[in-house]
Amino acid sequence: MAEHLTFTIENQERIRVVANSFGRAGKVLLKPGRILVGEGCLLKMCRRGPKPKVFFLFNDILVYGSIMVPGRWNNKQKIIPLEQVQQEDLEDGMAMANQWLIRMPHKSFYVSAASPEEKTAWMGHIEKCKALHVQTKGLPTDCVAEKFAATWIPDMASAICMRCSKRFSVAIRRHHCRRCGYIVCRACSKNRALLPNISSKPVRICQHCVSTTQDEQRQKRKNVKHWKKNSIDDSPMQPEFETSSDEELEDESRYQVPTKWFNNQVENEDYSQYSFIKPEHINPPVN
């Protein structure tokens, strides 16, 4: 009983430290039943290349943000419910080693760890926390694959538009199609479409995706008419629920240290197999 109380107090203090690191702009993280499993620095593939980000794994959410002062101050807090996460193991790439893909309905991105062992630890802890969270809450085991957001191709991957092959320049800038993730020019991405799983407003899509979206909408309307014709319920369809997303501008930073996992000594049937980080932040490396 005393050990459990000590663990609860220490866990609450850890979470307060994490929340305070995001300042007033961060959301409240402390809630009953929430446990901080670990924290560390991972490389996240952004549109302008790999950037170090601070990641915090809880038993129900994954939180990450940009590093302002290493180990002390973070911003641009992002919170991901674990039930929405799907991971995909990947081989090493030219830009990042020890990488894997994190897929979600509103956003998908690549991350990499400092070593293969650290990558295995992160992926394993995320999957275990997700499985326990889904089981405890009685949630669906996986998202519908068709609703995962496309992963953006980094700017450095192409010097030309991936639709019309025009070379990018000061006058012809890079843009991203929100539906397929391709790098396209302005002329090839003038259209806007509503993608409910990633945005509450119409977003940029390329010309190729316009025709695909229109075909899907025509098929959807056709199915609706067929359903109404054969159904005794002629009530109008309810509007689809929309969620928001934003295109974040990434800051440059070269700070990255391996994740440190510390053994949890508290006997708990759900979380005794996990590791916990110390409440104090990791100091930046000495140059």
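## A buried salt bridge

R34 and D60 are both buried. In this predicted model, their side chains form a salt bridge, with 2.9 Å from N to O. R34 belongs to the loop between α1 and β1, while D60 belongs to the loop between β2 and β3 (61-69), so the bridge ties together parts that are 26 residues apart in sequence.

R34 also has a contact with an aromatic ring. Its charged end sits over the ring of F58, 6.0 Å from the ring's centre.

## Other salt bridges

The whole structure contains 4 salt bridges. One of them joins the side chains of R47 and D155, at 3.4 Å from N to O. This pair links distant parts of the chain, since R47 is in the loop between β1 and β2 and D155 is in the loop between α2 and β8 (175-176), 108 residues apart. R47 counts as buried because its relative accessibility is 18%, below the 20% limit for that class. D155 counts as buried too, at 13% relative accessibility.

Another salt bridge is formed by the side chains of D89 and K119, at 2.6 Å from N to O. D89 is in strand β5 (residues 86-89) and K119 is in helix α2, 30 residues apart. Are D89 and K119 buried or exposed? D89 has 52% relative accessibility, so it counts as exposed; the limit for that class is over 50%. K119 is buried, with a relative accessible area of 10%.

## Aromatic pairs

There are 4 aromatic pairs in the structure. In one of them, the ring centres of F22 and F56 are 6.1 Å apart and the planes are at 70°, so the pair is edge-to-face. F22 lies in the loop between α1 and β1 (36-46), and F56 lies in strand β2 (residues 49-58), so this pair ties together parts that are 34 residues apart in sequence. F22 and F56 are both buried.

The pair of F55 and W122 is also edge-to-face, with 6.4 Å from centre to centre and 75° between the planes. F55 is in strand β2 and W122 is in helix α2 (residues 116-137), so the parts tied together are 67 residues apart in sequence. Both F55 and W122 are buried.

## A ring cluster and a charge

Which residues are linked into a cluster by ring pairs? They are F55, Y64, F109 and W122. One member of this cluster, F109, also has K44 over its face, at 5.0 Å from the ring centre.

## A residue in helix α1

E13 is located in helix α1 (residues 2-21). Its relative accessibility is 39%, so E13 counts as partly exposed. The C-alpha atom of E13 is 9.3 Å from that of L30, which is 17 residues away along the chain.

Definitions and conventions. Residues are numbered from 1 along each chain as its sequence is written. This is a predicted model: local features need pLDDT of at least 70, side-chain atom pairs count only at pLDDT 80 or more; totals for chains, interfaces and linings use all residues. Side-chain values use heavy atoms; hydrogens and water are left out. Helices (H or I, at least four residues) and strands (E, at least two) are DSSP runs, numbered from the N terminus. Buried means under 20% relative accessible area, exposed over 50%, partly exposed in between (1.4 Å probe, protein chains only). Rings of Phe, Tyr and Trp (its six-membered ring) pair if their centres lie within 6.5 Å; planes under 30 degrees apart count as stacked, over 60 as edge-to-face and the rest as tilted. A charge sits over a ring if NZ of Lys or CZ of Arg is within 6 Å of the ring centre and within 35 degrees of the ring normal.
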